Amino acid sequence: METDAYIANYGTIALFIGVAVLFAVIPLMIAAIIAPRKPGRVKGDTYECGLESKGDAWVQFHAQYYHYALAFVIFDVEALFLFPWAVAFTNLGPGPFLAICAFVLILAESLVYLWLKGVLDIK
Amino acid sequence: MPYLAPEIILTALAIVLLLLEAYGAISARSVGIWSLVGIAVAIVVTLFTEVGAEPMYFWTDPNAAEGTAGKGLYMWDATARFYKLFFLGTTGLVIWMSMESAAQPVGPKTQPIRAEFYILPLFVAAGMCLLASAADFMVLFVSLELVTITFYILVAYQRESATALEAGVKYLILGGLATAFLVMGIAYVAGFAGTTSFAGIIAKYNTPDHLPVAVALGLLMILVGFGFKIASVPFHLWAPDVYQGAPTPITAFLSVGSKAAGFIVLVRVLNEAFGPTAYATWGPALTAIAGCSLVLGNFAAMHQRNIKRMLAYSGVGHSGFILMAVLSGGVPDGPGIAQAGMTAVAVYLATYFLASLTAFLVITIVSPTPEEESIRSYNGLWQRSPLLAAALAASLISLAGIPPFAGFVGKLGAFVVALQFHHYGLFFIAAISAVAGLYYYLGVVKAMFWSEPLEVTPIQVSVPTQVLLTILIFLLIATGLCMEVFAWLVR
């Protein structure tokens, strides 16, 4: 039955997850058993892509970025809707065009609102 | 009128008001008045939109096969219209309550009521109206999220207060979890049915066979998501803390609007997307949920000292009564839920709407600060303001389900359905819980009339609110005496 075949597909995924976990865990266990332990100040430092680390990893971000980040996500997701619409544009009638116009206008309204409320000014 | 009119009116008005307010062209109070005007226009538009005999579909799905019923995303039938009016009425009264609480003096840590506090409920109302017409899981999910995400903001509105923050965090995290269950359930059902439209799903699974295991699992996960919205045991844990911490108008909105939104999607999905055979899956699950909600809600409410917490637990109990009316399916070749059950749910919600919103309107006026929310603050309310005491007494007695008031009609309908569909165990539990309910509702009534007040200063009520309270008391009694009103409403 198609249902069983469908569920059986998950078996492959489960197997794959199991192998992937073992593949990562076994070398770590081997390393933990045979590696010598010599901790030092440089070894315990924050890893910053090989450069010498500067300061603490627990940097505090200014709370104002929170609004800024939210606004960014909104317009990032807007692109997600605009791309498929743009690809299919020539085949669509006036209805989808008006719908996307309304969508963009509502988002533009949110930008105006944020601007007027002073969220975009970062001191 | 075009079918999407109420939603478009509300959204457009909310956007215009947001811009005007941001430019500083309009005061918060006039935003509130304009919001009320917008709600009134939406109610008139909804009343004057014709309802066809068959569900009508507004949008069409270009990918659906010719001749299938599964083409629509949006439907406008009698049920949709009734619930739209219900949600618009709730939103109107909630905005009225917000304006009432804006008129009261603010404490040192209370945020003043700003224009957004009137505008966000308009978005909630638009989402709820869309929800009442959803004929597809996609529309259902998007509109449910519009409602829920707006509530996240409104619940945590008093962000200086610790209880409000606790309420906001609890509602956000548990709401997110419930949404995850809901969307996972929708994924299972849509993955197997190959479509998200209700008509497409019922066409595929309305056979005498049992549902495939994965679809049954999906349905149960969807029930978890809805169980959160209607605050039923065991998905009720957020309710007491959120009801207590949220501003009182928003508590009213959650307890009436959000609960009814959960029930409309519940009956829609069980009725339109799943047929009588699915009853074998959801019947036992909802029976257990209803029984637990009845017992826990009503017995936990007895020990509450805070009136909003008490109403939160009693709301859990009311969910149990309404679920009893939902449990009217499983008749071979019948609909998912019998017409008697649908009517009983609608009538119960209508009576709950009147009683609960009246109670919260009084609480908004009597308890402007969290310290005044204890039931002791209601001692001797009769001496301080006879009208407020009478309104709260009428609404609490109605919630308890004593005959001359509206609540009795709602409870009667739920009990009749339970007998009709042979849920004798549940009937017995519900009867005991209803008696337990008398104890704590009448406890507040006793405190208002026969206890000495803590302070004797009379409470001032503005004239429009006096008129509104009088109308609400009249409606509570009139609809209880004349049940035909409900038959007309849900026709």
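Biologist: What share of the 123 residues in chain A is buried, and how do you know?

Modeller: Buried residues make up 0% of those 123 residues, where a residue counts as buried if 20 or more other C-beta atoms, placed from the backbone, lie within 10 Å of its own, as exposed if 12 or fewer do, and as partly exposed in between. This is a predicted model, in which local features need pLDDT of at least 70 and side-chain atom pairs count only at pLDDT 80 or more, while totals for chains, interfaces and linings use all residues. Residues are numbered from 1 along each chain as its sequence is written, and chains are lettered from A and ligands numbered from 1 in the order in which they are written.

Biologist: Why is chain A called more spread out than a compact globule?

Modeller: The radius of gyration of chain A, taken over C-alpha atoms, is 26 Å, well over the 14 Å given by the globule rule for 123 residues, so chain A is more spread out than a compact globule. That rule is 2.2 Å times the number of residues to the power 0.38. Along the principal axes, the C-alpha atoms of chain A fill a box of roughly 70 × 65 × 20 Å.

Biologist: What makes the side of chain B that touches chain A nonpolar, charged or polar by class?

Modeller: The contact, for which C-beta atoms placed from the backbone must lie within 7 Å, takes six residues from chain B and seven residues from chain A. On the chain B side there are six nonpolar, no polar and no charged residues, with Ala, Val, Leu, Ile, Met, Phe, Trp, Tyr, Cys and Pro counted as nonpolar, Asp, Glu, Lys and Arg as charged, and the others, Gly among them, as polar.

Conventions
Contact = placed C-beta atoms within 7 Å.
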